[in-house]
Structure formats: structure tokens, C-alpha cells
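Please have the structure open while I talk.

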Amino acid sequence: MAPKAKKQQNENLKQEQILQAVIIADTFNVRFGPVTLKKPRALLPLVNVPLIDYTLEALAASKVQEVFVFCCHLGEQIREYIRKSKWQDGRSSSMRVVTLLSDSCISVGDALREIDAKSLIRNDFLLIIGNLVANVDLSLVVEEHKQRTQGKDKSSMMTLLFKTAQPGHRARCREDEMFLLEEGITKRLLYFQKSPDQRKFPIPKDILLDHEDVIVHNDLMDCHVCVCSPIVPTLFTDNFDYQTVDSFVKGILINEEIMGNKIHMSIIQDKYAARVSNLQTYDAISKDVICRWTKPLVPDMFGSCHEKRIKNGRHNVYCSEDVTMLRGSTLVNNVVVGGGTFIGSGAVISQSVIGQNCRIGENVRIQNSYLFDNVTIEDNCEVDTSLLCSGVHVLENVIIGKGCVLAWETVVGPDKKLASGTQLMSEPQKDEFDDLDMSFEGVDKPQNDKADQGQSEETMDTESYGAKCKAYVYKPLVESDDEEEEIVEEESWWLRAGDLRDEQLDESEDSSDGGDNEEDEEDEAGSDGEFGLNSEDDEEDNIDSSLGFNPKACLLKVDAGKRKTNLMVVNMD
Amino acid sequence: MASTLSSGMVPINAKLEFFGIPDQEDIGTADSLRLVADRVKTNILVVSCDLITDGDFLDLMSVHRKNESCLTVMLSQLPNSITTDVVVPGFKAKQRSNLEEKISMGFDFNNMEHIVYWKAQVDMEDEFVAFTKKFLNRFPCARIQSNWTDCHAYLIKDFILKYLKDKREVSSVQGELVPLVVKKQMSVFQPSQPQEESSMASPNGDLKLDKKKDLIHYAGESSSSLSHTVQSLSLTSPNFGTSNDAPRKNLIGCYAYRQTEGFCVRANTIAAFAEASKQMPRLTSHFLPAKQNAGPNVPEGTVIKSKSQVGADSMLGENVTIGEKVSIKKSVVGKNCTIGDGVKITNSVVMDGVSISQSCTISNCIVSQSAKIETGCQLSNCIIGDNQTIATMSIHNNDVLSNLAHMMSVPLE
């Protein structure tokens, strides 16, 4: 009798202790333009390491034992990748990764309903939406949630994770700007609002009257990670209106009196957690990784394997061991160069990431850009704040303007200048409803026979993109009015936060809530001067505001980071 | 008043000057301040006469200096703990903590002394309270608490008084001036441009500037260019590196000093007054020069007959005559009182010149000056007005017994 009972007890214990996580790898929106047409977002490299690896590594470090990766768009590629990677060949410690594919989901809510239908979740689990880059130990947050649910507050449904980031921090996604109210000691979420363009934030006054201690937060960044109790997927199944976690949270807060469910929050202050949701956050998080905010997930520890070691040099220059650099080329600062790359003489590279086996010609200036593997850039080119995918070939004398995105295997040039914000791909954009296969790979046809079918067909514009080019313009599909606004946001990803015009508009508005008319007039008269002198304030807020102190104090008159390091012959066999 | 102060038990080393305020009009603190506005050179400390506290005003001044504040307010949670759940004489039901006096105060999370939001809960009329984005960008994390009491002790800078002089419609410091100054913290001071520029701008601009001067203009004028130079060179100042004609923020600052220990009460309600009086006997050593004898605060010359007890938590005035079998607990008795035999006084405040006849039971009452309570009365939770005579063998519970002609209209809740 006794041994049997003991065995059962052990089994029960084992069941309870498994920490599960669900990664919704698909964000159900298009933010990366032509890049994600061929490869799913989870496999895009961030500083030369696929995004999914960062998320899985963060979970492994948090002692998660079972991970469900939920994919829709191009999920097969993700499954293949995970199968071949270290996550499923038994090398990583006891973490089981299961890929779930689905074709019919269009939102996070649908994904959770499917998971509920499959009854995979047994107890409190971690829900990660999108691609997380983090070095925070999530098991602590799970512990906090568990203690809360076993203690007095049995009605706590979910604990949301936020990170402190002052307004203007570069990793704060502009789409996700949020404002929320937290109850002082219990850390309960009282009110929350995500509206990026609003000027005034009204709060129902009952919250202030009922709660004696309320903290108003404008300094938080959503990490899109939550610890959920097992009831959460069932609630999604019950209510088809919940499409995203945000609508779920709002629903719970509104129905609080009826259902009595509560949502709590946890704030990270000294670790890093952020999600790559669009080009702006991709840019910001890459820079954060290069500046080592995400240690141990940094290029020299995480990105390098035994064959090709990456070394960390001064000014955050990471150079792989077998990189060839000719005389006169300089890596200024915040640069990562992948293995097998060849950099010609006179090239100046700063604040960029270059993948493996790239070939950079002579006198090329690359600044603030991201190049994936196998990119070739011929002589005398300039690349500024752009994203170049694998296999892109840039011919001579091409100037690529800010914010350009060149998708897989595009060819551009020679002797051309690309306007800011151009998005190009190597094949004509396929209409969704187009059944016929329209691949014209490798053919230099100036005209397209089926030009009259669908508005997304474009003739190759040799005028704009060069005589030998292979490039079609990518037009983002506009489905509804909402999409238009979101795309406008995306287009400005290459502008720094300090350049945005909305900041100036905010400064000129009233300084008080509900001030009388006299005061309004005065404020406007007095605020005219603020327009011109605004840039000072924005610079303060923008550069490395994650530091927490006034960076101007350290700048003085020194031009930091402009020192050049000249490397001689580096090629070692 | 002058004689009381000069002959009082506590020595005041400052020079005292009295300003009369007409009694008939409804005048607030701010109106009264206008009388002295011209005399103030740097800062003025405004204290309400009904504030009883053993907090050190030096700490209040330290907060003021440390943060270069223009208005420093004293806050405390202690009064709440004293007046909750107490049955107040004269009221039928238990008094809840004053809902109408609750103020929602917002503090900057990184510096909890900095007040960024101040709104009385009675003033919140609409369903929504709005925050502007500018405010949220300036103070990204703010903590709003409503369990602090404003003790009505303020340290005010001189330019605010100049502003008060010109703005005659502000009449109350607590209700109007403090919220106004807190709100004006967001203003930015634009040093006036040289003459040519302003004439090139629209002609209306000139007129506007002359007509309406806001608090920020007073602040800007009062801060000298030297202080601005100092700030522009100081690494830790938010104005570091700015030139002389840059707009200046942070000229107006409103901060709070919190008293968390000791005793603090504002005796402006009956409940507070009663409680404060009863707590006084154990605290006299804080507030008055030390007394030689420990034990019941009984002055010399008091005649206490046999079998009578005066508790250690009670206080007697001079010249009090106490009969036999008298029990006085947790009470304060004034001067020249006569207390008959067999009287039981608990939890009460008895003022000067009262005569209480035999066998009375007085519990939780306030008995005003020169009242006469006849034999065998039983009074509980009552307020007896001055010069009143309570007939023999009367029993009163929760009553206010007074001459109507002398009464002030006071809201009972």
C-alpha cells in the first residue's frame, strides 16, 4: 500500500512542478514589409542570431520545462529550424519544445482558443506574444504569481510584465505607448490604456476615490509577457470578442465588479526584456544587444559557436575571427561583423550589423544598417539606415537612402540613388487572390505580360533602380483604415525619437488639466518660444535615456566614439 | 490675546505684531496674508492657530531649502488615526472621517517630497479626471494618495505673496492657492525678448503680455540672472547647459514635509478638539516646559478630599476643589472649578469656572465655561454651552444644551 501511495504522490508533485510556456510566434500583422513574405518573423536574424533563439534561450534560463511554439504564417520553416537546432537534439537541459501549426488563426485570441481545445495547459503558464529578447529570470515572476494566487487573492488571473523605460526610450514601441494605473501596495492593475496619439488621458474618478494609493505610470514598456492562470484559455474560448491580450485585460477590468477577477502587474527595473514588433523596435533592440544590455545574450557569448569565434573589441566592435579587412577600412563603433566577410579598403562601417559571408567593396560607407548573410555591396556605395536581406546585390555607386528595405535577392544599381523609405523585392508582388504562379526569377524582363491583373503588379523600374536591377516595389496591402495609420507609423522608423514632430506638438499644449481660458491663452503665447528650442529637450530624452541620468552632463565638448581604429591584415588561416 | 501670549507659559523670542481682521466678512487665509504681503522679504511661515504638533519646523524648512521650493506644505497621517472611530459629544452617530476634506495628492515617484497633483475630492465634479501628455512626460511615474491630511502649515516664498496681492480673487490658501501653485509648476518661463523682436511680432502680443501676468512671470522676475547662471553650470540641475534666453522650467516647485512620528492634530472640528484635549495630559511635557512632579498633573494648592481619585491621565487647573469619592479619569478640568462629592467624570473636557454638584456622572462631554450642573445629573456625549445651568436629576444623551442666541451655525457633519 505504502509504496503505491508514495508513487502517486510523486507523480502529482511532478505534474505540478512543470513550468510551461506558450510562445505565439506569429503576430498576425505585417510590419517588416517584403522581408516576411518568404521567411517567418521568428527566424529573422537579430544581430546574426534568429529571433526565436533569443526567446527560447530566455525561457531555458528561466527553468521552463515545456514550450509550445504556436505558428501560422510559414510555420513549416520554424518547425524545420527548431528540429535541426539544439533545442530538439537533446543537448539543451530538459526543455521540451513542441511546435504547433495552424492555418486558420488570425489573432492571439484564436491561438489561445486552439490551445484550450487541445488541453495542453495544466497549471500557471507563461504566455509570450511575439519575439521576446530578454535576460530576466521569468521563474521569479511565476513564483510571485503563484504566491499571490495561493494566498489571499485567489482571483488573480494574470500577472503582466512591464519594464521601466522613460518616455522617449528607443525601445519603446510607438504603437504600444501605454498609460496605466497601479494600486500602490497590492500591485494590482486598475486602469490601462493604449493610445499612442492621445493628448489627454481621462481616468474615471472613482478609481481615485476608492483607492487611497494609486501609482500613475507613463514610464512603462510592455514586454508582452504574462503569467496566466489555467483559466485564461477557457475565458478566451468563452468570449469570442477577446482577440488580443489587451482586449482581454480591458474586459477583465471592466467586468471586475461582476466577476471579481483581478489582474496584477510586475515591473522589471534592472534587467532587460523587449519585444521585436516592427522595424523601429528591431533597430532599437539590435542596438541594445550590441551595447550589451541583454547580457548574456550578446554577440560574443551567444552568437558565436566553436568554429567561428566572435571577439568583442573596443567601442562595441564585434568582429568574427575569419573576417578579412583590407587596409584603410574602419569599424567605427557598435558594429558586428559575421564570419567569412570581406571588407574592402576605405570602407567605413558604423552602428551596423553585417552577416556572414558578405562582401563589402571599396570606399563603401555603411551606417546604422542591417545586412543579413551573403550580401554583396560593390564599390563606392552608401548605405544609410537600411535593411538588406540575404543575397542582396548592390552594384556600384548606389546611394541607398534612409529607411530602405531590400528583400531577399534584390539587385539594385549601378549608379542610382534610392529614395528614402523604398521597399524593394526581387519578384513582383503576388496578389493574394492570384492563383497563377508569377515567379520571374532571374529574368531581366522590362515588361510584364500580365500587367493588367491586380494592382500589385509592377513593371521593373529600370529608370529608378538601375540598368541591371532586379527589383520590384513592394506596396503594403491596405486592407482597412486602421492599417493605413499603422503603416504611417512604420514609415518613420528611421527617424530618431528626437526628430518626431509629435513631440513638438505635445510641448505646445496646455500645461494644466482643466485650466480656465485665461490661462490657456497665456500658455499659447508663451509657448511659441518652445518650438524652436525644443531640440535640446528631445536630445536629453532620447540618447540613452535608459541610463537614468542626464547624459548631457557627460557630453561636454568631447566627440565620443569618433575615434578610428585601423586594422591591418587580419586574415588568419 | 497679547497678554495671554506674553505672559504665557511658553517663551516666544520673536517679536510679535498683531493685525486685526474684520470679523463680519468671510475672509480666508489668503485675504489675511495680503495685509502682511509687503513686509515679507524672502519666505513666510503660515501656521494655523489650531494646529497642535510636536513636529520640528526646522525639518519643514530643510525640505524647503533642499528642493528650492516655493511652497512647502506640511502633511501628516497622524490626525486620521486620532479621530477615527470616536463617538463625538453632541452627535448622534459615530463620526466618520471627514470625506469632504479628503484631498488627492500626487507625488513624483522618484522624489516623494515633490507634489505634482493636488485636487480636493469635492472638486472632482466630472466623471473623469484628465492628465495631459505633457504632464505625463514630465513626471512619468506619479503616486496619488488620499490619506494625508493637510496640517495648514505652509512655508511660502515672497513672489507668491506679490502674486496674491494682484490676484484678489484667491481667498483661501488651502482650497485655492495650493492647487493653483501645484498646477503652475508645469509652466515655463520665457525671458522677455529684446524690444525689436517683440515689435516685429503681432501688435497684440505686446498688449497681452502687459495685461496678464501669470505666476510664472512673478517667479521669473524674482529669480536673478546670477541664480540662473549658477544653475546652467551645475551638472545636476535640469537647466544645465541652457543659455540665458532659453525657456526655464522648474521655477515653481511645490514640496511636502511629512510628519510621521509624534503628535499632530488640527483642532478645527469638535471631534479633533475633544480628542486633542484628552490626549494633552500625557503630552504636556512635549509642549510645555517640563514639570517637576510626575504623576497626576495636579497643581499645588488643590484640595482633594478623602477617597477621591484623580487619574494620571487627567489634568486639573488651579484652584479646583474636589469633594469626596470623586473619580476623575482621562479628563481635563479647568481653573476655579468646584466638584461635589461622588461625582464621576470620565473622558470629558471641563472648562474654567464650572461647578458640578453632587453625585453627577459626566461621560464623554464638553462642559463650557461657568456652567452649573446640579445634583444627580447624568450626562453622556453632550456639549454643555457656557453659563448654562443643568437642572437636577436630568439625563441627557448626545445632546447639545446651549443658549441658542450664542450659537454659530456650524455644519454638524
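Predicted model: local features only at pLDDT ≥ 70, side-chain atom pairs only at ≥ 80, totals over all residues.

In chain A, 19 residues of domain 1 are in contact with 25 residues of domain 2, where contact means heavy atoms within 4.5 Å. The domain assignment of chain A places domain 1 at 18-281 and domain 2 at 304-430 + 459-500, and such bounds come from an automatic or database domain assignment.

Residues are numbered from 1 along each chain as its sequence is written, chains are lettered from A and ligands numbered from 1 in the order in which they are written, and side-chain values use heavy atoms, with hydrogens and water left out.

Between them, domain 1 and domain 2 of chain A bury about 2,000 Å², 64% of it on carbon and sulfur atoms; buried area here is the accessible area (1.4 Å probe) that two parts lose on being put together, summed over both. On the side of domain 1 of chain A, the residues that lose the most area to domain 2 are A:Pro34, A:Arg174 and A:Leu279, which together make up 33% of what that side buries.

How many salt bridges are there between the two domains of chain A? The count is 0, a salt bridge being a side-chain nitrogen of Lys or Arg within 4 Å of a carboxyl oxygen of Asp or Glu.

Over all chains, by contrast, that rule gives 26 salt bridges. One of them joins A:Glu144 and A:Lys187, at 3.5 Å from N to O. This pair links distant parts of the chain, 43 residues apart, with A:Glu144 in helix H5 (residues 138-150) of chain A and A:Lys187 in the loop between strands E9 (178-183) and E10 (189-194); helices (H or I, at least four residues) and strands (E, at least two) are DSSP runs, numbered from the N terminus.

In chain B, the side chains of B:Glu275 and B:Lys278 meet in a salt bridge at 3.7 Å, N to O, and both residues lie in helix H12 (residues 270-287), 3 residues apart, about one turn of the helix. B:Glu275 is buried, at 13% relative accessible area, and B:Lys278 is buried at 12%, where buried means under 20%, exposed over 50% and partly exposed in between (1.4 Å probe, protein chains only).
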